[in-house]
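Here are my notes on the strands and charged pairs, for you to check against the model as you go.

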Amino acid sequence: MVGSPERQATNGDGPIGTDVMLQRLGKGFDAVIGLEYTELGPDRVCAQWTVTPDLQQPAGIQHGGVYCAVVESVASTAGMMWLGGRGHVVGVNNNTDFLRATRDGTLTAEASPIHRGRTQQLWEVRITDESDRLVSKGQVRLANITDTASLGK
């Protein structure tokens, strides 16, 4: 489970604490692939999952789409933690490279910021295996959506 529950994003109109994020996480596609967050903070988010036969492509290795989805989820979570109460983020680009085939084991994803600005953010996500070998690397560009009051009008 997530460590450091006292860490909060403090930018913007109010913090998004770990407890609030935990209520939002672990649902939908993240739940389907078994993604579990191990660290949440505005400067770093980590998560892990176990490679299972359900997540493999026909050759018996981790499906590249799972890497893309994990990169998107972890980067978006980090971006939301950093943006705080000012709004929400949406992914506008995901570029993920597959570097090493993985058939089994637990993989760990770590998101760290490259750029965080007024209108957009760029996060790098490194995915490693149990031997700390890099198996995939991606980056996600996020748009900061801060004018949510005008949506739906």
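How exposed is K137? K137 is partly exposed, with a relative accessible area of 31% (buried means under 20%, exposed over 50%, partly exposed in between, using a 1.4 Å probe and protein chains only).

1. Ground rules first. This is a predicted model, where local features need pLDDT of at least 70, side-chain atom pairs count only at pLDDT 80 or more, and totals for chains, interfaces and linings use all residues. Residues are numbered from 1 along each chain as its sequence is written, and side-chain values use heavy atoms, leaving out hydrogens and water.

2. Strands here are DSSP runs of E, at least two residues, numbered from the N terminus, and two of them pair if DSSP finds at least two bridges between them. E39 sits opposite C46 in β4.

3. β4 also runs antiparallel to β6 (residues 106-116), joined by six bridges. A47 has A109 of β6 as its bridge partner.

4. The whole structure has five salt bridges (a side-chain nitrogen of Lys or Arg within 4 Å of a carboxyl oxygen of Asp or Glu). One of them is R44 with E110, closest N and O atoms 2.8 Å apart. R44 is in the β3-β4 loop and E110 in β6, so this pair ties together parts 66 residues apart in sequence. E39, R44 and E110 are linked in a salt-bridge network.

5. Back to K137: its salt-bridge partner is E124, at 3.2 Å between the closest N and O atoms. K137 belongs to β8 (residues 134-145) and E124 to β7 (residues 120-128), so the pair ties together parts 13 residues apart in sequence.

Technical notes:
Helices (H or I, at least four residues) and strands (E, at least two) are DSSP runs, numbered from the N terminus.
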